[in-house]
Amino acid sequence: MAIRVRAEPLRDLAADIFTAAGCPAEEGARIARYLVEANLAGHDSHGVIRVPRYVHWLKQGYVVPGQTVEVVVDAGALAVVDGRYGFGQTVGEQAVDLGLDKARAHGVSVIGLRNSGHLGRVGDWPERAAACGFASVHFVNTTGLGMLVAPFGGRERRMSTNPFAVGVPAGEGPPVILDFATSIVAEGKILVAINGGKPLPRDAFVDADGSFTTDPEVIYGKLDGTQPLDARTGAGAIRAMGEHKGSGLSIMCELLGGALTGGGCARPGETRIVNGMLSIYIDPARLDAAGSFAGEVARYLDFARSAKPIEADGTVMMPGDPETAHRAERARAGIPLQDSTWTSICETARALGVDPEVAAAAAQ
Amino acid sequence: MGIGSDGLKALTAAIFSNTGSGAAEAEAIARHLVEANLVGHDSHGVIRVPAYVQWVGEGKLVPNQSISVAFENDSVAIVDGNSGFGQVIGEQAVDLGIAKCRTGGLAMVGLRNAGHIGRIGDWAIRAADAGLVSIHFVNTSGGGILVAPFGGTDRRLSANPIAAGVPLPGRRPIVVDMSTCVIAEGKIKVALNKGVQVPENAIVDGYGKPTTDPAAFYREPPGAILTIAAHKGYTLSVLCEVLAGAITGGGCSNPANPTARKIVNGMLSIYIDPATVAGAGFAGEIERLIDWVKASPKATPDGTILMPGEIEDATKAERLKNGIPLDDMTWRQMVETARTVGLADSDIERLSGRGV
């Protein structure tokens with residue numbers, strides 16, 4: 001079963017929860033805004049479903065409220081910043097804004113962010129850059145928690161789902177935003193499938209014996225309802241997207257997001273989720289003497305969309321189109337939440353002395 | 001026994017010398033093409049020679065060009081390749097990026113209107129040999145539109161490769177080099193020449209139906225190549241168009257472009273000096289990751305886990321020893337092309353060390 005909750009009261013509730021848990025009010029509102037934005041875009045795996053876990057991490061000291069990035073290297077167009085285990089929504093935003101300032105000055109910039117708390121939906125960052133007119137490319141890794149993906153040819157977990165994101169502003173229209181896990185599926189999508197949602201792609205996992213399967217038990221162990229889902233218990237791994245190509249891209253996320261930033265590549269034994277992100281920012285306006293950039297992007301998008309669909313009633317979409325469609329629908333009809341998700345958010349709220357009633361009253 | 005790489009290089013260089021390229025350019029073209037054969041990427045090797053020669057004849061590819069700078073500051077350059085050979089223009093663009101990066105720690109070079117720039121991994125390796133990390137996005141302005149968008153049947157995208165390289169002291173760099181489509185067009189041509197099928201789920205025929213017949217790709221209505229990993233590769237390919245086409249000013253895939261009747265590449269390259277960014281632990285951390293990734297049990301008992309670029313090294317070692325296994329049709333086309341540009345059979349045999 002699912003209920004629908006409107007974005008605004010859901011955002012307020014999440015903000016109150018984070019503030020009550022110890023975040024400065026501004027930060028509480030910021031985290032809530034990003035999470036609800038993920039729901040609005042249709043990426044429920046990165047939305048308010050994370051609230052109880054984020055609060056848990058805060059209590060454990062895994063993530064630190066009210067942090068500011070520390071600039072470790074500042075070399076003109078290039079900087080490395082340390083997130084000091086602050087909320088990804090806070091230190092990620094600071095890192096992006098530093099990158100935009102530098103790209104404004106130099107035409108291009110690179111920011112290595114290390115030791116960031118969970119960066120949430122990575123597509124947020126190219127969207128932020130594109131909203132200011134900048135193109136950007138982002139390679140993300142974790143230092144080891146969330147390691148679920150086997151290298152091509154292997155059957156044990158060696159990488160995280162290592163997302164890769166690119167964004168380009170497109171004049172008057174919505175920006176073109178690419179944001180994907182370099183694994184066949186992200187972990188959140190497995191949870192959605194287990195709950196009866198969208199089925200998993202064929203051969204998404206590799207089992208301990210090396211065979212390919214769609215059985216989520218190779219990730220979570222026995223799914224008999226006797227214990228909570230724990231991705232550490234399965235004997236298999238998620239496979240990389242696109243065979244050797246995705247595996248190579250994932251390794252590159254480790255090298256660029258982990259080794260180059262100084263945050264470290266995936267390793268076993270980590271207890272908290274720590275992201276590294278290498279981001280490149282480009283100011284197209286600065287390079288566009290002919291003033292052709294926006295028009296060329298718009299022309300090309302129209303050309304690609306004009307391809308005949310495979311299915312007679314199908315459509316050819318652009319990166320970012322599904323998100324735009326979700327936003328329109330969910331802004332109108334509210335955000336659908338599984339009962340279990342909603343219940344655990346309410347429990348988290350009450351435990352912190354926050355009354356979920358206002359949001360609950362808005363639920364449908 | 002394959003053909004020796006030195007002989008193949010000498011023959012290739014002689015062909016381009018006779019096509020109007022200066023000695024250094026002819027050598028560079030031959031070196032890049034034969035290197036692609038040596039590392040096992042036959043689709044980007046000497047199989048391209050006949051088309052290059054034909055394009056020169058038609059004025060689509062211009063010998064002896066240099067890049068001209070359209071925009072430049074300390075960190076960025078936008079350069080025009082003036083339809084010159086990609087092997088030479090690419091080197092110039094990459095070397096400009098390397099020089100800028102050495103000064104400032106970061107550089108971006110947007111290259112437009114380059115002739116076919118060949119195997120993109122070459123450029124990541126060139127940067128890595130200079131000690132730099134690099135990332136490259138490539139498109140064509142319209143001459144290589146071969147790939148269907150996810151959910152569509154018509155060609156709208158090029159093979160649009162991306163590449164990235166990371167240098168490591170005392171060992172080969174880690175280099176990822178992949179087209180965003182399931183199969184490079186060159187590989188379909190190789191399959192056609194060899195008379196074999198292409199892999200499943202790689203191409204569709206002109207009606208959007210999956211097929212493994214390479215001929216179906218070249219018939220009317222033309223077939224199309226599929227993107228890797230379904231919608232993910234598709235989005236990556238679209239972003240290659242925009243980054244390498246729109247930001248460089250060379251243009252995204254467009255049948256109406258004046259450059260669409262020839263292969264013109266755009267490439268957006270970013271160079272990062274790890275010495276500026278990373279601490280002393282950089283290389284050690286990568287070594288640790290490599291060892292640990294390779295320590296994963298294999299999916300199949302006789303399988304391997306390779307780092308990106310490793311398979312190329314192994315192939316190169318083998319082909320340096322045993323020669324390059326060139327299929328008969330490719331060799332016949334090379335010989336035919338050599339004759340066309342005025343090389344006698346005796347020259348062809350002397351240069352290549354192989355009978356015509």
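**Notes on a predicted two-chain model**

1. Start in the sheet of chain A. A:Ala79 has A:Ile111 of S4(A) as its bridge partner. This is a predicted model. The two strands involved, S3(A) and strand S4 (residues 108-116) of chain A, run parallel and are joined by five bridges. Strands of a sheet can pair in a parallel or an antiparallel sense, through backbone hydrogen bonds.

2. Now take the whole sheet. Seven strands of chain A form an open sheet in the order S2-S3-S4-S12-S5-S7-S8. The pairing is mixed. Which strands lie at the edges? They are S2 and strand S8 (176-181) of chain A, and each of them pairs on one side only. From one strand to the next, the twist averages 10°.

3. A helix covers part of this sheet. H8(A) packs on it and touches S4, strand S5 (135-142), S7 and strand S12 (275-282) of chain A. The direction of H8(A) makes about 90° with that of S5(A). Keep this helix in mind for the chain contact in point 6.

4. At the S2 end of the order, look at the hairpin. Strand S2 (residues 70-75) of chain A pairs with strand S3 (residues 78-82) of chain A in the antiparallel sense, over five bridges. A:Ala75 is bridged to A:Leu78 of S3(A). Two residues sit between the strands of this hairpin. A:Gly76 takes a positive phi there, near 70°.

5. Strand S5 (residues 161-168) of chain B and S6(B) pair in the antiparallel sense, and seven bridges link them. B:Val166 stands opposite B:Ile174 of S6(B). This hairpin has two residues between its strands, and B:Gly170 has a positive phi near 75°. Is strand S6 of chain B enclosed or open? Strand S6 (residues 171-179) of chain B is largely enclosed by the rest of the structure, because seven of its nine residues are buried.

6. Next, the contact between the chains. On the chain A side 64 residues take part, and on the chain B side 69. Which helix gives the largest share of the chain A side? Helix H8 (residues 244-260) of chain A does, with 10 residues. H8(A) is also the helix that packs on the sheet of chain A. By class, the chain A side holds 42 nonpolar, 15 polar and seven charged residues.

7. Chain A is divided into two domains. Domain 1 covers 2-60 + 334-362, and domain 2 covers 70-183 + 240-287. Their centres, taken over C-alpha atoms, are 25 Å apart. How many residues of each domain are in contact with the other? Nine residues of domain 1 of chain A meet seven residues of domain 2 of chain A. Helix H2 (residues 25-40) of chain A gives the most to the domain 1 side, with six residues. That side divides into four nonpolar, two polar and three charged residues.

8. One helix pair in chain A is worth a look. Helix H3 (residues 51-60) of chain A packs against helix H12 (residues 339-351) of chain A at an angle of about 35°, and the axes are 9 Å apart. H3(A) makes the contact with A:Val51, A:Pro52 and A:Val55, and H12(A) with A:Ser344, A:Ile345 and A:Thr348. Four of the contact residues are nonpolar, two are polar and none is charged.

9. Check two asparagines for backbone geometry. A:Asn162 has a positive phi near 30°, in a residue other than glycine. A:Asn162 sits in the loop between strand S6 (149-150) and strand S7 (163-168) of chain A. B:Asn82 also has a positive phi, near 50°. Its place is the loop between strand S2 (76-80) and helix H4 (86-104) of chain B.

10. Why does A:Asn162 count as buried? Because A:Asn162 has 30 C-beta neighbours inside 10 Å, and 20 or more is the cut-off for buried. B:Asn82 has 15 C-beta neighbours inside 10 Å, so B:Asn82 counts as partly exposed.

11. Last, a cis peptide bond. The bond from B:Glu220 to B:Pro221 is cis, with omega near -10°. B:Pro221 lies in the loop between helix H7 (214-218) and strand S9 (224-225) of chain B.

Terms used
Residues are numbered from 1 along each chain as its sequence is written. Chains are lettered from A and ligands numbered from 1 in the order in which they are written. This is a predicted model: local features need pLDDT of at least 70, side-chain atom pairs count only at pLDDT 80 or more; totals for chains, interfaces and linings use all residues. Domain bounds come from an automatic or database domain assignment. Two residues are in contact if their C-beta atoms, placed from the backbone, lie within 7 Å. Helices (H or I, at least four residues) and strands (E, at least two) are DSSP runs, numbered from the N terminus. Ala, Val, Leu, Ile, Met, Phe, Trp, Tyr, Cys and Pro count as nonpolar, Asp, Glu, Lys and Arg as charged, and the others, Gly among them, as polar. Axes are lines fitted to C-alpha atoms, for helices over the stretch in contact, and angles run from 0 to 180 degrees between N-to-C directions. A residue is buried if 20 or more other C-beta atoms lie within 10 Å of its own, exposed if 12 or fewer, and partly exposed in between; C-beta atoms are placed from the backbone. Two strands pair if DSSP finds at least two bridges between them.
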